[in-house]
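Hi there,

Here is the structure I promised to pass on to you. Have a look at it first, and then read on for what turned up.

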Amino acid sequence: MIDINVKAGHADKQRDDAVVLPLLHGRKLSESGLALQQATGKTLSAFLRKQDIDGEFGCSRTLYGVEGAFTQRVMLIGAGEEKKLTLHKLRVLAAKAARKLDKGGAQDISLFLTELTVRGASLSDKVQAITEGMLLGLYRFDKYQHGKAENKRKLRSVTIMLASRRDLDEAEAAVARARAIANGVNFARDLANEPGNVCTPEFLGQQAASLSHPKLHVTVMDKKAIEKTGLNALLAVNQGSSKEPRFIVLEYNGGNANEAPVALVGKGLTFDAGGISLKPGPLMEEMKFDMCGSAAVLGIFKAVTDMSLPVNVLGVIPSTENLLGASAYKPGDIITGYKKDISIEIQNTDAEGRIILSDALAYAAEQNPTEMIDFATLTGACVIALGAHASGLMGTGKNLKKALKISGDATYDRVWELPMHEEYQEQIKSDIADIRNIGGREAGTITAACFLSRFVGDIPWAHLDIAGTAWNMKGSDISAKGATGTGVRLVVDYLINKTGESNPA
Ligand code: BES
Ligand code: MN
Ligand code: ZN
């Protein structure tokens, strides 16, 4: 675990292995850089005169042996134009600097990034963004690669430098918040990156049960309990698998005892082969990520309990594999799940996410939550529509959706709304049952949401289709290849805003 501190001080006095200074567009040093330039010999000025780096966003140079400075290395990292800076750019800068210095073997580093001005952002916003960027950017999933784990992380401690001692308390609180959030995201990533033979429904149940907090209660239903409860849609999808399903219920009561909870529902398909409507071979291995919705819910619970957030949250996770075998459910089957008054015609066994979610949503709705948010890698169509940079947002909760858009922009865990006009509902009409589980080629993301909508009742609801955002085999600025942990930062921010305990600034 990396130690993160905050401190007020000057760049020339820091004794760390490295001091990171921003360089703005046009080779302009910021405050601490100028002070270092003044305090030390010619090295820095001479370097800048050589015009080797002009402050373009994201590029960096490391100088060794800057005379008169105590640090071993000075890293100049390009911050671009100051007026174009955003909190997300701070995350990216911190991630890049930390990754590069860690690779280079630095153990203790200090960052002078808070002196950058970001429009509309408070100091604690900036400290939170820097901390998040570092912890998310340093994440690796290399436990199965021999030699990599031994080649351990070099970076031990990071000091975020502040201009004034007066800001220490505020900054420390921001670090704690960011650490809880990043741990939640990285927990979600860890679960999702595990292969399907390790991360089974049973494993997900164990991981949920491993979360601990005096105000958290976790119930993991096994197959027998699921049968008794009548979660028959989940059981139908599970028929093709030799592994037992699980139905996980998490109750965190950090808020008032008499207040209804926010319900979070996550698709926990630990491997989706498509069932009898078998998927094609190429990239099928990525279907181990079909439980990223459940990972998001568990990551949120981890962060929320870490912070002891004063809010009530109910988590519901249906979990199974979708495989094919002699007992598997089939195209043409008609099933009735937990909600007894809706019969479902199965036309494609690969549209299984909406089936297991129908039970989870109906179950959650029965607990009368104030609102429901579900997370699901639900449709390939959403990957086509929005790609990797925004999750699909749909649902009935107007204010909820508005608030999620705001949190999405603030955290850069972004969402984009698709419409749910009445007419789309017609596409899921069945000739033989009440509804069918596919809606034809057109608007596949929306018709999947229409299917879900039948099970939520009157409760304000938001559906997040995270099929395009939940994993990324190219990696991104703040995520290694694999699971991104999408949804965690988004909804933790939403919940923090709800408590009204967000940054006073
Ligand atoms: N888990 C998949 C959706 C998916 C596909 C997510 C590719 C990410 C990448 C889901 O269970 C599924 O198979 N959906 C089908 C629905 C179709 C049969 C109506 C799809 O999108 O092809
Ligand atoms: Mn499927
Ligand atoms: Zn699926």
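A donor here is an N, O or S atom within 2.8 Å of the metal. Please keep in mind that this is a predicted model.

Let's start with the metals. A zinc ion (ligand 3) sits 3.1 Å from the manganese ion (ligand 2), and aspartate 272 coordinates both. As for the other two residues, glutamate 352 is buried, at 0% relative accessible area, while aspartate 350 is partly exposed, at 22%.

The largest pocket has a volume of about 1400 Å³. It is lined by 39 residues, and Leu138, Tyr139, Arg140, Asp142 and Arg153 are the closest to its centre. Helix H5 gives the largest share of this lining, six residues. By class, the lining holds 20 charged, 12 nonpolar and seven polar residues. Because domain 1 (3-163) and domain 2 (182-499) both contribute to the lining, the largest pocket lies between them.

The second largest pocket holds about 930 Å³. Among its 36 lining residues, Lys279, Thr379, Gly380, Ala381 and Val383 are the closest to the centre. H11 supplies the largest share of that lining, three residues.

Enjoy exploring!

Definitions and conventions. Residues are numbered from 1 along each chain as its sequence is written. Chains are lettered from A and ligands numbered from 1 in the order in which they are written. This is a predicted model: local features need pLDDT of at least 70, side-chain atom pairs count only at pLDDT 80 or more; totals for chains, interfaces and linings use all residues. Side-chain values use heavy atoms; hydrogens and water are left out. Donors are N, O and S atoms within 2.8 Å of the metal (3.2 Å for Na, K and Ca); water is not among the atoms, so sites may look incomplete. Buried means under 20% relative accessible area, exposed over 50%, partly exposed in between (1.4 Å probe, protein chains only). On a 1 Å grid over the protein atoms alone, a cavity is a set of points where a 1.4 Å probe fits but cannot get out, and a pocket is an open set with protein on both sides within 12 Å along at least five of seven lines; lining residues have an atom within 4 Å of a point. Grid points are joined across faces, edges and corners, and a volume is the space filled by probe spheres set on the points. Helices (H or I, at least four residues) and strands (E, at least two) are DSSP runs, numbered from the N terminus. Ala, Val, Leu, Ile, Met, Phe, Trp, Tyr, Cys and Pro count as nonpolar, Asp, Glu, Lys and Arg as charged, and the others, Gly among them, as polar. Domain bounds come from an automatic or database domain assignment.
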